[in-house]
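Here is a short briefing to read alongside the model. Have the viewer open and follow along as we go.

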Amino acid sequence: WIPVDVYNKLFINSSNILFDKDDIYVWVLEHHSEPIKIEMIDKEIYKTKTYYLINKELKRYSILQIIFYDKNNNVIKSYSYNYNSDDINYKYSTPILEGSIVESVLLKSLELFNNR
């Protein structure tokens, strides 16, 4: 796991990153400085692991899988999303916003790709 931010709260898994034309498949681990709560989960979340599909040309992404962990690193809940569509708006459902976590992940992923 390689740090993405200076606060060492966000990491990408460099060993499993996949580059496929303009698509990047990458696992991201985020440590929450304060535990977070989500309406559908009845426990506090201390860590989140997310599998992103990012399109570097479109500057859009989707979440393929997300796993939530408690303070003891036990999985609280996980979700998988299936995008069996060639519709670009469906496959890459969310724009990458400037200054966002996903933009930081994209930039670090491209840096790793360029340094191979």
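Predicted model: local features only at pLDDT ≥ 70, side-chain atom pairs only at ≥ 80, totals over all residues.

**Confidence**
- The protein chain has a mean pLDDT of 91, and 97% of its residues reach 70 or more; pLDDT is the predictor's confidence in each residue, from 0 to 100.
- Confidence in the chain is lowest in helix H1 (residues 88-91), with a mean of 81, and highest in strand S6 (residues 60-69), at 96.
- Helices (H or I, at least four residues) and strands (E, at least two) are DSSP runs, numbered from the N terminus.

**Strand pairing**
- S4 and S5 run antiparallel and are joined by 11 bridges; two strands pair if DSSP finds at least two bridges between them.
- Leu-29 stands opposite Lys-49 in S5, and a hairpin joins S4 to S5 through 2 residues.
- S5 and S6 also run antiparallel, with 9 bridges.
- The hairpin of S5 and S6 has 4 residues between the strands, and Lys-59 in the turn has a positive phi of about 55 degrees.

**Asn-55**
- Asn-55 lies in strand S5 (residues 41-55).
- Asn-55 counts as buried because its relative accessibility is 6%; buried means under 20% relative accessible area, exposed over 50%, and partly exposed in between (1.4 Å probe, protein chains only).
- The side chain of Asn-55 reaches the backbone nitrogen of Leu-58 at 2.7 Å.
- Leaving aside neighbours within four places in sequence, Asn-55 is in contact (heavy atoms within 4.5 Å) with Asp-22, Asp-23, Arg-60 and Tyr-92.

**Helix H2**
- The buried residues of H2 are Val-102, Val-105, Leu-106, Lys-108 and Ser-109.
- These buried residues pack against strands S1 (2-3), S2 (10-12), S3 (18-20), S4 (23-38), S5 and S6.
- The structure holds 1 salt bridge, defined as a side-chain nitrogen of Lys or Arg within 4 Å of a carboxyl oxygen of Asp or Glu.
- The side chains of Glu-111 and Lys-108 meet in a salt bridge (3.4 Å, N to O), and both residues lie in H2, 3 residues apart, about one turn of the helix.
- Lys-108 counts as buried because its relative accessibility is 17%, whereas Glu-111 is partly exposed, at 41%.

Terms used: Residues numbered from 1 in each chain as written. Heavy atoms only, no water. Polar contact = N/O pair within 3.5 Å; in protein donor to acceptor, adjacent residues only side chain to side chain.
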